[in-house]
Every structure is written in structure tokens, then in C-alpha cells.
Amino acid sequence: MQLLKDRILSEGRALNEDILKVDSFINHQVDTNLMEAIACDFAEHFADMGVTKVVTIESSGIAPAVFTAHRMGVPMIILKKQPSKVLNEDLYHTMITSYTKGTNYELTLSSKYVGENDHVLIIDDFLANGEAATGAIRLLRMAHATVAGLGILIEKSFQPGRDKLERAGVHVYSLARIAGLKKDGIEFLD
Ligand code: 5GP
């Protein structure tokens with residue numbers, strides 16, 4: 001998606017050869033016009049795939065997921081990193097290793113919101129090692145739901161996430177695929 005690539009080139013900042021900061025338009029300040037365009041792209045790509053719900057991982061996936069779910073006319077569900085103190089019944093749990101923090105965290109989903117009749121589109125901001133997406137898929141399988149695919153804003157194609165997920169039979173669709181993060185610039189795959 002050219003609009004997203006242009007924005008990454010103008011405002012993205014490579015912290016090192018592994019991590020890209022996109023705080024000014026995705027992760028901290030959110031550009032809602034860009035989110036609208038992202039949602040149109042995802043909705044078009046995943047149209048006719050029978051998506052019943054959009055699922056994301058809190059917190060940076062929420063903005064693109066809510067726009068996409070609205071565009072597709074389906075509910076959006078947030079996989080929670082901290083289980084609610086008031087709603088801790090019927091929760092599916094799984095552990096994930098955080099790419100950016102290098103620590104483990106628990107991800108949860110209430111059995112109330114996803115079930116065996118759901119065909120779910122997972123949306124997230126980044127794909128690196130595929131830990132977050134794999135954990136989300138584990139939770140959806142616990143809920144007996146099926147996975148329509150994974151929609152990613154920024155895929156770091158030099159990291160193993162896509163391969164891992166495709167080997168597991170997951171359809172991965174990324175709007176910007178980064179070949180390498182260098183001090184002198186960001187290179188895209190195509
Ligand atoms: P994975 O689980 O695929 O290894 O990493 C994906 C998660 O880590 C995403 O949900 C995202 O929040 C975070 N992440 C991975 N790489 C980056 C990055 O380069 N920049 C930012 N801001 N977040 C990242």
C-alpha cells in the first residue's frame with residue numbers, strides 16, 4: 001500500500017536494524033485518515049471470505065482493527081493482556097513472548113465473544129517473529145473458531161513471522177513489507 005509505505009519513509013524511524021518506530025501515525029498519535037485507507041484495503045482483500053469478526057491484540061492493533069471491523073460491518077474483539085478483575089470467568093489464556101520488550105505476557109479471550117460459528121480476521125500493526133499472531137490463533141482455536149487470515153500493517157520480512165505462519169497454513173496479507181532497516185534508509189520488498 002503506497003500511502004503507508006510513503007508514510008513509513010517520511011516519518012518511520014529505525015531504532016536499530018530490528019525495530020521501527022511509527023509513533024507519530026500508528027502507535028501513539030493515530031492518523032485516522034490513514035486508518036480509514038488501511039481499513040478499505042483490508043476490507044477489499046478479505047471481502048467474500050466469510051469474516052464474522054475482527055480480532056486484535058491490545059493495544060497498537062486496536063486503531064486499524066476498529067476501522068476495519070467497521071468497514072466490514074462486523075464486531076471487533078480485543079485480546080487482553082491483563083485479564084479483567086471483574087470478568088475472569090470463561091477466559092481462554094495463552095502466554096506470548098513480547099518482541100519489543102523481550103518478556104512474556106498472558107493474553108486472554110472471553111468465551112462469550114468468539115465461538116464455533118466465527119471465522120476471524122486477525123489484525124495487528126507489526127509482524128516480526130509471529131509470536132503475537134500465533135498466540136492469537138491459539139486462543140481462537142481454544143474457542144473453536146476458524147481463522148480467515150492475518151492482516152498486518154507492517155511486516156518485517158527479514159524476520160521469520162510470515163514463514164512460520166504460512167507453514168501453519170495461515171493466509172498472511174501485509175500492507176508494507178520491509179526487506180531491511182538500515183541507518184541510511186528503509187528498504188521495501190517490492
Ligand atoms: P511478533 O509477535 O510478530 O514477534 O511481534 C509483533 C508484535 O510486536 C506487534 O504486536 C508489535 O506491537 C510489536 N512489534 C514487533 N516489531 C516491532 C517494531 O519494529 N516496532 C514496533 N513499534 N512494534 C513492534
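Strand E7 gives the most to the shell around the ligand, contributing four residues, in what is a predicted model. This strand spans residues 119–127, and together with helix H5, which covers 131–142, it belongs to the elements that each supply at least two residues of that shell. Taken as a group, the residues of the shell divide into seven nonpolar, five polar and five charged. There are 17 residues around the ligand, and those that come nearest are Leu20, Asp124, Gly130, Ala132 and Lys156.

Some of these neighbours can be followed down to single atoms. On the side of the ligand's oxygen atoms, a polar atom in the side chain of Asp124 lies 2.7 Å from an oxygen atom of the ligand, while a polar backbone atom of Glu131 is 3.1 Å from an oxygen atom of the ligand. The space that the ligand takes is the largest pocket.

A further place to look is strand E10, made up of residues 185–188, where Ile186 is found. The relative accessible area of Ile186 is 16%, and because a residue counts as buried when this value is under 20%, Ile186 is classed as buried.

Conventions: Residues numbered from 1 in each chain as written. Predicted model: local features only at pLDDT ≥ 70, side-chain atom pairs only at ≥ 80, totals over all residues. Heavy atoms only, no water. Near = heavy atom within 4 Å. Polar contact = N/O pair within 3.5 Å; in protein donor to acceptor, adjacent residues only side chain to side chain. 1 Å grid on protein atoms, 1.4 Å probe; cavity = no way out; pocket = protein on both sides within 12 Å on 5 of 7 lines; lining within 4 Å. Sits in = over half its atoms within 2 Å of the grid points. Nonpolar A, V, L, I, M, F, W, Y, C, P; charged D, E, K, R; others polar. Buried < 20%, exposed > 50% of the residue type's maximum accessible area, 1.4 Å probe, protein only.
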